[in-house]
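Open the model in your viewer and keep the selection tool at hand. The stops below say what to select next and what is there.

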Amino acid sequence: MSAVAGEPTGAVQRSLVPARMDRLPWSRFHWLVIVGLGVSWVLDGLEIQIVSQAGYQSSLGLTNGAVGAVGSVYLAGEVAGALVFGRITDRLGRRKLFMVTLGVYLVASGLAGFSWDLWSLLVLRFIAGTGIGGEYTAINSAIDELIPSHYRGRVDIAVNGTYWGGAAIGAAANLYLLSDQVPQNLGWRIGFLIGPAIGIAIIFLRRHIPESPRWLMTHGRQAEAEQVVDDIEARVRADGARLEPVPDSKAIEIIPEKSITYRQMAKVFFGQYPRRSILGFSMMVTQAFLYNAIFFTYALVLQHFYGVSKAHTSYYFFPFAVGNLVGPLLLGHLFDTIGRRKMILLTYGFSGFLLLLSAFAFHAGVLNATTQTAFWCVTFFFASAGASSAYLTVSEIFPLELRAQAISFFFAISQGAGGVVAPSLFGHLIGGAHNPHPDRTPLFWGYVIGAVVMMIGGAVGWFLGVNAERQGLEDVAPPMSARGKGGGAPSPAGA
């Protein structure tokens, strides 16, 4: 059954690699994958929170516009990194890229702590952003392909939710680093070094994570793929597990291809899977719109409408971050048991409904800073799980050969269409900073729009969603190189 190493592209190869990976019980190896790869979201949340406090503004003599540019250039770097590294990840492999992208982030973010002016900071923040954007594509692909189908949903959703753990760490660090106890020109520089310090420890763990055997399988490296699975099974057996043989009837036949052209990609996205493309676009854009609308104006709302000082807004951020973190951890397993479509409808729909209720309460003036934060905490308990399911969805509903590129494509669209527009729009709706009696009506309508947008995302997830729970990736979307399965034609698993 094994193919000879180096067998030329185009030769038919039979493989049990997917079936062997999906029948594995949970083990220490899978914890290694979660810890070693999942730190990417922690680092991103940490970065955003450190930068959002703009402790460097006075030290570098920056205007408010320049501070905004620092945040925007990081986001632009994420989009560029996702698109560039996503393409390379599908061509060269998951492991090579998740080592490279973490290295890019470590160096650029660390050097940002030594910035001497605006331009040096902008360049380094852009490069750090490319590293994190590349992480999103390489890591989501690797996790999906290494985690058994029985656990894939809960793991992917929980890992994506850890972004908020990083944000909470950043907020805690800022309380000290930006206080009077630390010199003004030193605190923010130390803040930029926290992420690299965590990353250096994690990069050693990643050395023990193998290449995705599924990726090896579809690239004509069947012997290597089976050796990787042999090694993983040995680790699982060492934990005391007993593994049953996998029947040959579960083998998949592959005709490897060297690379996928942009024309083939377009055919898959818009020819074979148009409904799935609409699904991915809708889920990613709607959650990005809601999140960036609330998150990037969180402090402004507290200051402008509730009189909270800038120095104290971080205290209100902690419960918000906790709600966002706990939601995916507690709800994630339901995406594997109750099912993807039902949970997407529930999380998107209910978070939109709660935001709508809070909008009317906000407009009526019956909330204070504490109750407004409480509303947001409960709303984003559900919204966070829904947003994480968007990344899970786009990473599992397309063929393996372009999985990373699919993630990068929809990530870039979501940040451009939803992520960039929302903060600017909601900042405009908040109005001037010196009005003692600010008008709540414009922001009320903004919240209504955000709520409706999120509920639309849930409805699209229900009608176009794929029942991918506990199904192998190859059943949800057969590889383009799969023989006898239509080369990526839709399976009965869903749209």
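**Stop 1: Thr 130**

Select Thr 130 and its surroundings: leaving out residues up to four places away in sequence, Thr 130 touches Gly 77, Glu 78, Gly 81, Phe 85 and Val 104, where contact means heavy atoms within 4.5 Å. Thr 130 is part of helix 6; helices here are DSSP runs (H or I, at least four residues), as strands are (E, at least two), and both are numbered from the N terminus. With a relative accessible area of 12%, Thr 130 is buried (buried means under 20% relative accessible area, exposed over 50%, partly exposed in between, with a 1.4 Å probe and protein chains only).

Before moving on, note that this is a predicted model, in which local features need pLDDT of at least 70 and side-chain atom pairs count only at pLDDT 80 or more, while totals for chains, interfaces and linings use all residues. Residues are numbered from 1 along each chain as its sequence is written, and side-chain values use heavy atoms, with hydrogens and water left out.

**Stop 2: helix 15 and helix 18**

Next, select helix 15 and helix 18. Their axes are 7 Å apart and the packing angle is about 30 degrees; axes are lines fitted to C-alpha atoms, for helices over the stretch in contact, and angles run from 0 to 180 degrees between N-to-C directions. The two helices are therefore roughly parallel to each other (under 35 degrees counts as roughly parallel, over 145 as roughly antiparallel, 65 to 115 as roughly perpendicular and the rest as oblique). Helix 15 passes helix 18 in a right-handed crossing; a crossing is right-handed if the near helix is turned clockwise from the far one by less than a right angle, and left-handed if anticlockwise.

Show the side chains at this contact. Helix 15 contributes residues including Tyr 316, Phe 320 and Leu 331, and those of helix 18 include Trp 376, Phe 380 and Ser 388. By class, the contact of helix 15 with helix 18 has 14 nonpolar, seven polar and no charged residues. Ala, Val, Leu, Ile, Met, Phe, Trp, Tyr, Cys and Pro count as nonpolar, Asp, Glu, Lys and Arg as charged, and the others, Gly among them, as polar.

**Stop 3: helix 14 against helix 15**

The axes of helix 14 and helix 15 (residues 313-331) are 10 Å apart, at an angle of about 125 degrees. That makes helix 14 oblique to helix 15, and their crossing is right-handed. Tyr 298, Ala 299, Leu 302 and Gln 303 of helix 14 meet Thr 313, Tyr 316, Phe 317 and Phe 320 of helix 15. Six of these residues are nonpolar, two are polar and none is charged.

**Stop 4: helix 7 against helix 18**

Among the residues in contact are Arg 152 and Asp 156 of helix 7 and Tyr 391 and Glu 396 of helix 18. What are the classes in the contact of helix 7 with helix 18? There are four nonpolar, six polar and three charged residues.

**Stop 5: aromatic rings**

Select Tyr 163, Trp 164, Tyr 291, Tyr 298, Phe 317, Phe 320, Trp 376 and Phe 380, which form one aromatic cluster. The structure holds 31 aromatic pairs: rings of Phe, Tyr and Trp (its six-membered ring) pair if their centres lie within 6.5 Å, and planes under 30 degrees apart count as stacked, over 60 as edge-to-face and the rest as tilted.

Trp 26 sits in the loop between helix 1 and helix 2, and Tyr 151 in the loop between helix 6 and helix 7, 125 residues apart. Trp 26 is partly exposed, at 27% relative accessibility.

**Stop 6: two loops**

Select Gly 240, in the loop between helix 11 (222-238) and strand 2 (252-254). Gly 240 is exposed, with a relative accessible area of 64%. Its C-alpha atom is separated by 9.4 Å from that of Ser 27, 213 residues apart along the chain.

Finish at Arg 470, in the loop between helix 21 and helix 22 (473-476). Arg 470 is not a glycine, yet has a positive phi of about 60 degrees. Most residues other than glycine have a negative phi. Arg 470 is partly exposed, with a relative accessible area of 38%.
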